[in-house]
Each structure stands twice: as C-alpha cells, then as structure tokens.
Amino acid sequence: MFCIKNLSVVRGAITFLSLVLLVSCQDKKEKPETLQPNIVLIIADDVSWNDIGPYGHKTIKTPNLDALANDGMLFNQAFLTASSCSPSRTSIISGLYPHNTDAEQLSWPLPDYIKTFVQELKNSGYWTGLAGKHNMGDHVKDDFDVFLEMQWKDAPIGIDRRLVGDGSGCDEWVKLLKQRPKDKPFFTWLAAADAHRPYYENTIENQHTFEDVEIPPYMPNTEATKKDFALYYDEVSRMDNYIGQVIKELETQGVSENTMVLFISDNGRAFPRDKITLYDGGIKTPWIAKWPGKIKAGSVNNNLVSSVDIAPTFMSIAGLKPLDGFEGYNFLPMLKDTSVEIRNDIYAEDHFHDFEDYTRAVRTKQYKYIKNYYPELPNTPSADIIRDLTWKSMVEEKNKGTLNEAQMRCFEIPRPEEELYDVIKDPYELNNLAGIDQYKDVLLNMRSRLEEIRNVTKDHLPAVKLHDDFFRDTGLPTKYRIRPRPSKADYLKAQSEGIVLMNPDFKEEVSK
C-alpha cells in the first residue's frame, strides 16, 4: 500500500507538471509574435535637428522629445539622403538613394516595382499602419494594413491649403495605435505635417515669443523673420505634444518595453538656405532612438548614420534579412555600442522641388563637399518659403542693400560649381574653402568620394531639364505645375514624344 500510495503521488505530480508545461507551451504558441519587437517611426515635417530641446535649443518647448532623449540615444551625426519631402520619404521606405527610387523629384510616386521594408514586415506577419502625411504615391498604400492619411481642406489655386483637424497631421496617431491587433507585432509610420508651411497663429496655448527665437546668420534678424520663427517653433511644440501622447499610449498598452521608437525629420526647416539645400540646415536631422533594455538611457552617439540605413535596420530588428538591393547599412550595432562606426561618409541629393536643380553632396564628420551641376540657377528656396515672411523680408533687405554676404547666397548667380566647408570650425557653412590652396588635398579627397559614390550607385545627370512649377519671384504656380504630379515614367514618355507636360486647367491671371 505504501508503494502504491507514493506511486500515485508521483503520478499526480507528473500529471500536474505536464499540465503546467502544456499550458506554458500553449501560451507561447498562442502569442509567438509578442516576442518580436514592435517598431514605431515618427517623422517630423521640415524640422531642423537643432530646433528641439535635446540638441541644446534653450527656449523651444519640446518636453516630450527631451524625455525621449533622456530615455534613449541621441545621434549627433544623422543625415538624410535628400532635403525634400517625398524623395526623402521614398528613400527611407525603399532603402535606396533617391536617384534609384525613380521617385527622386518632388511628388513623383514610388513605382510599384520598388520593394519597401514595410511590405517585407507585413509579409512576415507584422501589422503595419500609417497615420498622417504620406506623399509617396498610391502603390505604397498597399504596404499598410491601415492607412489613415491626413485630409486637406479646399484652398484657392491649390496652394497653402489647410488640413482637416488641428492642422498638425498627428490627430490620428493614437487612434492608429488603438486599432492594432493585440496578437501581432506592429510597425507604425507616424508622420506629422508639423512644421510644414504655411504657419498660422494660435496653434498652441503657450506660444513662443520673439525672445525665444534663434536666427542663423544667413538670415536677416528682422521683426518678420522673428515672427516666422516663433510660429515655426509653435508647430514644433504642437508635434512634441503628440509624441508625448504616443509614448503614453505605448506605456498604457504595456508594450513600451518591447517597442523601438525612432524619431527623425524628413528634411530641415522651411527657411531660406535650409530646406531643399544640401547644407546641414537641409539634410542634418534630429535622430532619437528609444528601446528600453536594448538602448542605454541618456546615451549619445557621435558616429555617422543616414536615413538610407533605416530600412535594413528595421528589417534586422524584426529578425529578417535585409533585401539585397538596399543601399544602406544596418545601424543596429550602433544602438548597442556607441563606438561602432558603420560608414565614413554620407551622400545627399537635391533634385527638382518646385524649381529645377541638381546638386550633390558628400559629408564626413569634418568636411562637406557640394557639387552644383546647374550653377547658372540660383539657390531659390521652395515656393511656400517665397510666399512667406522671412523671404519677403530678405527681398526687402536686399533692395535696401543691407544683406551681408552670407544672406545674399540665395540670390547668387552663378553659384560656385564646388563648395567645401570645415563643418567643425564653420558649422553654418559660410566660408567656402574650395579655392584655397591649403585645402587642395581635402578638396581632391572629397571630390573623389563623391565621384565614387556616383559611379557605384549609377547616379547620372538627367538628359533634359524641366520647367519650374512656380515663378521664382512670387512663388505662385506656372502652367507647368500639375497636381497630382505625373510620374517619372510619364515625363520620360512625354520627352521622347517631344511633348511638354502642362496643366490644362491653368489660369494665367490667378498666378499674377
């Protein structure tokens, strides 16, 4: 009896342990995806790296970005492949340099034969969602399970339009996170319209004042410029509030610990000599990564990284092999060890954006080299900048003869074919060293770097220049502006047939 009793106890214990193990295994089988990291990409619109608190701005109100940097890693040498909205975004999503996306010009849609990392995440079992700004073409919409694109209100002649909602483009970020299925890993593309022009009054309660403004030396320190910057700061701060809501929602859902959050901008601030240029004001981006347990809180990374590196990295985080065609590098090792370097330089491009242009740049930690292939064209800012306060103030000061040499650069014709800057000694890139003998070897080295990248990535001058979409003096549309903009294939086909594409509904009197 004693033996039988002990045997029964043993059998009971074995049965109990088996049930425990079975339930444990079933739990793991029911939610295998929860072991995979979630990824949240937040993209600002037209925000420079040094216009948020984590990069040392003393007066701009960005408490949530400050907290994100305190909890994660701040990158001091992060750059974009383009200083223009849609080419920058299509480069990010495809892992290709803009000239290889066949969507390198503003509002050219990404063709359906270009693969994206979002598509790969979705195919592997990730739930994917987009909320906010899009501007990458209809083909990309299929990469997302849920697509909450911001909506426009009507406006005269299709420019300076206002958005449905509060104008931020961030209204549905949290809504998207609430919609996700709870049994899958997720990726979200959260894209703000802040701080894209035009700017409006009263976007936040605690508004910035003239005293808060820091104006770069290549813009005039006028009342109009100060007002423009203060309104821009308000939009940056409004976006910051939405970022705080996203972080809170991740914590409320209990997924913050298993979620990698990356914050960047698509290009620099929409001011003269910043956006659509290859100076750091156009291509240097804020870059903050948070991933509890994986990234050391409050860490700083001083090594080079490019937005073309995002696609291979996100796929690696998801446990996937990056696509062979990707032109960037996996920066995941940089998150674990700030001494790791994945690149010695970055490459950036400037294509048609409202106005024709073709410029290239290569940058190391110390030097920037810019090649202007169309030096006969001025460095005209985007049309929305031309229609607003700072540019109008610059034109007025130019007519008065009060602009200094740096502030006259946007009006300069011809531009220098080559520009070389020591970005450590000259962070605003005001002193061109290309013609100085002392820097001859540096110039040759940087020129060689640029040509090598162009050859390797097959970057070539287009055969035909396009007509400007706007008048350079007023920023109003020309007859060549068509929306939605035809694709690259459409333009090439028209060129082969000797046709110049124009807007059939254009009214001359509206633009004068």
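Helices (H or I, at least four residues) and strands (E, at least two) are DSSP runs, numbered from the N terminus. This is a predicted model, in which local features need pLDDT of at least 70 and side-chain atom pairs count only at pLDDT 80 or more, while totals for chains, interfaces and linings use all residues. Residues are numbered from 1 along each chain as its sequence is written, and side-chain values use heavy atoms, with hydrogens and water left out.

**View A. Asn221 in its loop.** Asn221 sits in the loop between β6 and α6 (223–252). Its relative accessibility is 58%, so Asn221 counts as exposed (buried is under 20% relative accessible area, exposed over 50%, partly exposed in between; 1.4 Å probe, protein chains only). Leaving aside residues up to four places away in sequence, Asn221 touches Ile215 and Lys226 (contact: heavy atoms within 4.5 Å). Met394 is 173 residues away from Asn221 along the chain, yet their C-alpha atoms are separated by 9.6 Å.

**View B. The eight-strand sheet.** The strand order of this open sheet is β5-β4-β6-β1-β7-β8-β2-β9, and the pairing is mixed (two strands pair if DSSP finds at least two bridges between them). The edge strands, β5 (146–149) and β9 (299–301), each pair on one side only. Neighbouring strands are turned against each other by 15 degrees on average, direction ignored. Axes here are lines fitted to C-alpha atoms, for helices over the stretch in contact; angles run from 0 to 180 degrees between N-to-C directions.

**View C. β1 beside β6, with α2 on the sheet.** Strands β1 (residues 38–44) and β6 (residues 186–191) run parallel and are joined by five bridges. Ile39 has Phe187 as its bridge partner in β6. Helix α2 (residues 63–71) packs on the sheet and touches β2 (73–75), β7 (259–265) and β8 (288–290). The directions of α2 and β8 make about 60 degrees.

**View D. The four-strand sheet.** This open sheet has the order β11-β12-β13-β14, with antiparallel pairing. Strands β11 and β14 stand at the edges with a single partner strand each, so one side of each has no neighbour in the sheet. The twist averages 15 degrees from one strand to the next. Five bridges pair β12 with β13 in the antiparallel sense. Lys368 in β13 stands opposite Arg363.

View E. α12 (residues 440–456) has 17 residues. From first C-alpha to last it reaches 24 Å, close to the 24 Å expected at 1.5 Å a residue (expected span: 1.5 Å times one less than the number of residues). Its buried residues are Val442, Leu443, Met446, Leu450, Ile453 and Arg454. Seen down the helix axis, they fall within an arc of 105 degrees, so they line one face of α12 (the arc is that of the directions from the helix axis to the C-beta atoms). These buried residues pack against β11 (346–350), β12 (359–363), β13 (367–372) and β14 (418–422). On the other side of α12, the exposed residues are Lys440, Asp441, Glu452, Asn455 and Val456. Lys458 follows α12 and has a positive phi, near 55 degrees.

**View F. Cysteines without disulfides.** The whole structure holds zero disulfides (a disulfide is a pair of cysteine sulfur atoms within 2.5 Å). The closest cysteine sulfur to that of Cys170 is in Cys85, 14 Å away, too far for a bond. Cys170 counts as buried, at 1% relative accessibility. Cys410 also counts as buried, at 5%.
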